[in-house]
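Hi everyone, thanks for coming.

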Amino acid sequence: MKNAETPVVKVVLYGAMSSLGSALMAELLRRQHEVIAILDDLNALAPRPGLRTKTGNLFEAERVKQSVAGSSAVICLLDSPGLPLNSEYVEKTIVPGPVEQVLASDALIDGMLAAGIGRLFLVGNFEVLDDPDTFDPLQRHAAEEIREALQSSALQWTLVNAPRGVPGLTIEHFSQTGGTLEPGLAEPLERLMRTAVGIADELQLNLHVGEHVDFVAIS
């Protein structure tokens, strides 16, 4: 339990409407962190203690600066559907492609630096950096561009390989402590929570700064 002297950890989350976003919200709130989800629709998430919602635009550095100001760290799920675009002309279920992910990363870096926020977890299809010969050249080039931009910045960054998501999972799936799971959900819930717990641990312990990590099962 927190006391009056416990510092508040405020985490800005881009990609809250994805399955990993739901897992991250559940885990961060469980640790009594404050979560600020950046959304186009402020009513997309039900109110709960510790959770705030703000509008924003991940593709404009000035809007990023406004959204992340005063936070402790930023977590951005680049391959998440429904990333905040602040545009009624873009389909909200579309996952940004490689070019859009580079543009979003550039705006994120510039906006965070302008706001004086240093810690960033960037989650996406960065497994292409591990075995580039087996992946799409455009996705590989985008991942390399993003890594180079981070390396040349002053941010304390960590790249995280995105786990395979499951459509339809919400924060409620990850918040329940008991009950009967729907058939087939045990494995994906465990996989997504493993990544969420890993990111939360990295944030708490300030590990793997300037590195590329993957949270895998231990047999």
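So, here's where I'd like to start: which elements do the buried residues of H6 pack against? Before I answer, a quick word on what we're looking at. This is a predicted model, where local features need pLDDT of at least 70, side-chain atom pairs count only at pLDDT 80 or more, and totals for chains, interfaces and linings use all residues. Residues are numbered from 1 along each chain as its sequence is written, and side-chain values use heavy atoms, with hydrogens and water left out.

Okay, back to H6, residues 186-205. Its buried residues pack against E1, H1, E4, E5, strand E6 (156-161) and helix H5 (171-175). Among those buried residues are Leu189, Leu192, Met193 and Ile199. Some terms: helices (H or I, at least four residues) and strands (E, at least two) are DSSP runs, numbered from the N terminus. Buried means under 20% relative accessible area, exposed over 50%, partly exposed in between, with a 1.4 Å probe and protein chains only. Contact means heavy atoms within 4.5 Å. Just after H6, Asn206 takes a positive phi of about 55°.

Now the sheet. It's open, with 7 strands in the order E3-E2-E1-E4-E5-E6-E7, and the pairing is parallel; two strands pair if DSSP finds at least two bridges between them. Strand E3 (51-55) and strand E7 (211-213) are at the edges with a single partner strand each, so one side of each has no neighbour in the sheet. Take E4 (residues 73-77) and E5 (residues 119-124): 4 bridges join them, and Val74 has Leu120 as its bridge partner in E5.

Helix H1 (residues 19-30) packs on this sheet, touching E1, E2, E3, E4 and E5. How much of H1 is buried? The count is 11 of the 12 residues, so H1 is largely enclosed by the rest of the structure.

Last stop, the inside. A nonpolar core is a set of buried Ala, Val, Leu, Ile, Met, Phe, Trp, Tyr and Cys residues joined through side-chain atoms within 4.5 Å. The largest one has 35 residues, and Leu13, Leu24, Met25, Ile75, Phe174 and Ile199 have the most contacts inside it. E1, H1, E2, E4, E5, H5 and H6 each supply at least two residues of this core. There's also a second, separate core of 30 residues, including Ile117 and Leu122.

Methods
Axes fitted to C-alpha atoms, helices over the stretch in contact; angles between N-to-C directions. Expected span 1.5 Å × (residues − 1).
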